Protein chains: 2
Amino acid sequence: MRIKHFSFAFILALLPISVMSQNRQMPVRAKIKKNFTIDDLIPGGSTFYQSNYAKRKYTAFWGEKCVELGLDECRLVNRTDGTAEGEQLFTLTDINTALSSAGFRMQHLYEASFPYSTDPLVLLKGKGKQALVNWQTKQTVWIQTLESSYEASDWNAKSRNLAFVKEHNLYVCDANGTEKQLTTDGTSDMVYGKSVHRDEFGIEKGLFWSDQGDKLAFYRMDQSMVSPYPQVDLNLDPEEGSRCAKVAPDRYPMAGETSHKVTVGVYDVASGKTVYLNAGDPTDRYFTNIAWSPDSKTVYLIELDRSQKHAKLDAYNAETGQFTATLFREDNSKYFEPRTPIQFLPWDSKRFIYATRRDGYNHIYLYKLDGNSATLERQLTKGQFEVFNVLGFNQKEKTVVFTSNESDPIGCALYAVDMKGKRTALGDTGGWHSAVLSDAGTTAMDSWAMPEGPIAHRQDLVDTSTGKRLTFMDSQDPWDNFNVPEIKTGTLKAADGVTDLYYRLILPTNFNPEEKYPAVVYVYGGPHAHNIDASRHWGARGWDIWMAQNGYVMFCLDNRGSEHRGLDFEQATFKHLGVEEMKDQLKGIDYLKSLPYVDGDRIGVHGWSFGGFMTTSLMTTYPDVFKVGVAGGPVIDWKYYEVMYGERYMETPQSNPEGYAASSCLNKADKLKGRLLIIYGGNDPVCVPQHTLSFIRACIDADTYPDLFTYPGDEHNMMGSDRVHLHKKITQYFEDFLK
Amino acid sequence: MRIKHFSFAFILALLPISVMSQNRQMPVRAKIKKNFTIDDLIPGGSTFYQSNYAKRKYTAFWGEKCVELGLDECRLVNRTDGTAEGEQLFTLTDINTALSSAGFRMQHLYEASFPYSTDPLVLLKGKGKQALVNWQTKQTVWIQTLESSYEASDWNAKSRNLAFVKEHNLYVCDANGTEKQLTTDGTSDMVYGKSVHRDEFGIEKGLFWSDQGDKLAFYRMDQSMVSPYPQVDLNLDPEEGSRCAKVAPDRYPMAGETSHKVTVGVYDVASGKTVYLNAGDPTDRYFTNIAWSPDSKTVYLIELDRSQKHAKLDAYNAETGQFTATLFREDNSKYFEPRTPIQFLPWDSKRFIYATRRDGYNHIYLYKLDGNSATLERQLTKGQFEVFNVLGFNQKEKTVVFTSNESDPIGCALYAVDMKGKRTALGDTGGWHSAVLSDAGTTAMDSWAMPEGPIAHRQDLVDTSTGKRLTFMDSQDPWDNFNVPEIKTGTLKAADGVTDLYYRLILPTNFNPEEKYPAVVYVYGGPHAHNIDASRHWGARGWDIWMAQNGYVMFCLDNRGSEHRGLDFEQATFKHLGVEEMKDQLKGIDYLKSLPYVDGDRIGVHGWSFGGFMTTSLMTTYPDVFKVGVAGGPVIDWKYYEVMYGERYMETPQSNPEGYAASSCLNKADKLKGRLLIIYGGNDPVCVPQHTLSFIRACIDADTYPDLFTYPGDEHNMMGSDRVHLHKKITQYFEDFLK
């Protein structure tokens, strides 16, 4: 699902650190502290930022040097004492003096970047332009138009060519400012230069410069044959014309139905010519994970058939568009999901690495190009853990730097592996790490969160050769002055009796073990996401804390089907989404009911998106277990979900009718007994309103009584003040019916 | 508003009789009786019909003779003893034997009719055909195609010509079965032969035969210039193609915006030619109340300008379409609303009657045609009462037979008036009467409901010359075996201090004067409707009874602005709908709070359509008075309502911005304090979803917390089992938050 429940990722990004305790238990705090307001806890709340933001510094790399980006100056980070001030490179005044000829000014330097390892050039963006300033000569040496209205853009630092999309059509602006329009038939139905296949298969963009920036690969998607979902624009504040609502059609290919057609073009700046990869009829084919050969002569991509069971790595001649070779194939009887392009070794243009879950976990493989084929040289990583992200290469040591959960299934730490497969942890592996590498990868700035303890977030300068760390910044827990409830984690056995599942349990604030509390389960449960991890407060959501403060036990369990636990764990749900997931959640309920302070007659459940599907499924499948549920933006029947994500896990309604029937909430509408509130974004383009509304219709026909709310004009997730309103609404519902 | 709250009218039609008591109070019943189920009380409930239907007989007139239409026979009604059997005309077997050549059979004779006063011919309809059977010769003498798929149709008995609309185009089929297609450009945007101007101005149809049936006047409406409201078809059960929801655009002209254009055509069967009335540019003009001269040579209509302040009765030459004359004009500084066409006297083709509220109440006026003008000869009725319907003419006595509320402001009784203005009540004036006249009007079958007493409904054969009545059928109260709560009515002073307003008060079933009960106000409050009348149980709604049984005091008050009380009473609300209405409702609240058994802290309010507007307005204008509200299909801001109804009462958003602002619920979203549930039909074409959704958006923005529900696929009112679900849902909300 493209957009996950927003607050989780957002809090992850904002909340970070400390030494992980063995029993994953946070000591009860003794001091009398203030209570949270909901604005303290929900993104969009008026005090959210100040109440949650663990202070950190902005940094960027200039070659191998780390630069601290300040409000009014940029300084090198001191490599012997990270916290001491390093050499000043330039001030905001310097920059604005230099920019006077460029027609824009900077307000701060937090977003400055250094595209050239050796040249004293800083890249700055503002007011429809980007510019390079030489901070030694204090001169603007180059300017290029870069309008915020561009629907997409991609810039190559080497060539300084910019590709962009404007009013649906594709343009290239070269380093001299010469603009060329590459297409004229772009529309909302013929989409150029943007992410395709609904952002699945790791696709996030549609413009891909070759390493040298001389050739541009780009996506083109014809979706004119796809059914338009009739989103309604309420037209609440028309500037002119009728105030009547308007239709805003959004092409949405539903599982088993006609899908869009994607082709890949290549534009050669020197010749000014565009060719399209000669791949044949694009019907029911996915072209994913585009990569360039270092010499700009070959485009690689992973093609997947519509069944998503058969993949191949194909090479195309970038000049002619002709198909060159299939380098290897990859098949899976359930599904194969490529999510990262191949990456050539910076020191060897005939070798590349490739990440796949071929052996059941996501691991890095080293391949050697061999004429028209590729030979597997070595599986570089191996074990019952998942490689998360390849951050880059340490070119000095010839290692791959990456993150994985090797040391803790719910953690994320830094590692390096050499070409022989020798793997080294880069310092502390506790907590949740996220790093940026220097140009040659010898250094990383690691920004990491600790689940417990007084320090919430730490920034370390890491020597990726030795793993040696220099602490650059420590941030205290911004919740230090608040009355924080006790947050615990642990494991339970899944319904299969063998698999460990992680849970998080939050006790009511000011917990009294003699009392009986209502409990609320927060659930997501789908692939590509997890809820319990070693980030700050074990990943607890702000709303969990709010509910704990309101007297609820809050519980969360990452069931089979969720991410980071290997392919079997994920594929346990294949072809019948929801069924195994619910069985696991019921194990969590057994545990909850075993707790003496939980009132087993007052158990609620809440989730969004896949979690909305889980909530609705749980309320209708186990009507005697859950008294109250709040389902947000739910999938109700996978037949209304899109082709790429939906068919991967469920195949098609035609080929898997039993699975669709078993997982459909429509067939269980008559079972609803407790109080269920369904909330959806009025213009949800992900889980379209047809899901929720078809369920409401089914309940009416079945004489059952769900409740409903909508956020008119909102999409899959509520943002800003709407998000606060949403969580007050959700809370109100539990207060009305579970308290 | 085109469609009123459904159940009210429906129960009116089904529930009828008795002698009206002076104090309008029903004695508490002593016998132990059974309680109602909700299915007993709500239309669409499985037991509603049997629990509510006061038995009656089907009748029709054959000339001056009244015929009882039975399951398997038709008999004349005995004129000396209405309840004794009269002469048998024919049996179902006779008819089906005769129809064997016609290709269809009848299952019963309840819908037989007798179009010819003297010939023994009965008209029967079935299976795409209509036929005339001579019951003396037992032969089918004539057959014509009459498909149920026709979008509209109108048949003239004299000529036996049939006009109909099929796939948007207009056809005429003559008595010989020759079909002629009159138009080819009909679409959903170019509408032929149907009601126009959104059924306002008394318009109910679009096909009008002349008296002789030789010429057909018809409406044509071009609405291609009107904004299409994007209704969404959820496409829940597609037979083929995509299962994705679809847009179903519905042209909806909003107040102050571009409206449709209506023209009137006349087709001459003899010449086969169509002319359009030469009225000029139809922009912003309403052509209403089409009438024919008795000689088929002239078409009359009442034209109203868009401001609805200026009307004129115009005559057009039916052969050439040329404008002939404006016979008279009628103006009103607020608005003038013509609702009935002129009617020529059957005995004098130069004189016609015309009903207007010119003097403040709806009365009948006699005009004489005088060349190109019309002279007012006499105001036939006069007084502080309203003429409801002209039923027809007693040709023997030369009187007009009509209904009015002369004897009781909340009653409806039969009267006749002669050409001198002498008015006679036709028998009992208590209760609520509804009659059908014989061909020459000497006799009427009066079907009437009594508000109280053991007899619920009575059918009388009335001599319209003498007023003498012969009781044909008495029906017992179908609620006789139920535990019916006490139902009272009375009057209160309006907020103006002088006007009497009628209320209805229902005590909780098994009322205990020592208890404190919550009270719920049911409100409509808009023009063209009332809630309290002398029909069965004083017009109490089934849901009122259900709520009374659940322990609520139920209250209803017809405020200023509602119907049947004269023009000043209605126009008190002009240009600021809701404001005066609410002041009157607050007088009702004062009264409720004065009752020792009402808990003034637990007052709720519910209403639909205009009543949904009132409910939302009351909840946001008087947030400390009402604890709980349920608003159905509400108007939220009159700027989203349609041109004809909306501009009549509110003028345009451009000309009356203060009035629109004062009556808008959007501007009061921040005042919401109590619990308000808004329910709307997912495809409401009357109060489009934009109303409710814009209010929800305004509340979110204002940090207030309404609740919401929708009936996907339903229009302005819920029907059948959805209606039962709706009332369970509404009840649940009061049980959740007001109990």
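User: What percentage of the 739 residues of chain A count as buried?

Analyst: This is a predicted model, in which local features need pLDDT of at least 70 and side-chain atom pairs count only at pLDDT 80 or more, whereas totals for chains, interfaces and linings use all residues. Residues are numbered from 1 along each chain as its sequence is written, and chains are lettered from A and ligands numbered from 1 in the order in which they are written. A residue is buried if 20 or more other C-beta atoms, placed from the backbone, lie within 10 Å of its own, exposed if 12 or fewer do, and partly exposed in between. Of the 739 residues of chain A, the buried share is 53%.

User: Which radius of gyration does chain A have, beside that of a compact globule?

Analyst: The radius of gyration is taken over C-alpha atoms, and the globule rule is 2.2 Å times the number of residues to the power 0.38. For 739 residues a compact globule would come near 27 Å, which agrees with the value for chain A, 26 Å.

User: Which helix gives the most to the side of chain A that touches chain B?

Analyst: Two residues are in contact if their C-beta atoms, placed from the backbone, lie within 7 Å. The contact takes 36 residues from chain A and 36 residues from chain B. Strand E15 (228-233) and helix H12 (721-737) of chain A are among the elements that each supply at least two residues of chain A's side; helices (H or I, at least four residues) and strands (E, at least two) are DSSP runs, numbered from the N terminus. With six residues, the element giving the most is H11(A).

User: Where do the bounds of domain 1 and domain 2 of chain A lie, and how many Å separate their centres?

Analyst: Domain bounds come from an automatic or database domain assignment. For chain A this assignment gives domain 1 (58-146) and domain 2 (487-737). Taken over C-alpha atoms, the separation of their centres is 46 Å.

User: Why is helix H9 of chain B largely enclosed by the rest of the structure?

Analyst: Helix H9 (residues 643-650) of chain B is largely enclosed because eight of its eight residues are buried. Those buried residues include B:Tyr645, B:Glu647 and B:Arg648. What covers the buried residues of H9(B) includes helix H10 (657-663) of chain B.

User: Which residue follows H9(B), and what is its phi?

Analyst: The residue that follows H9(B) is B:Glu651. The phi of B:Glu651 is positive, near 50°.
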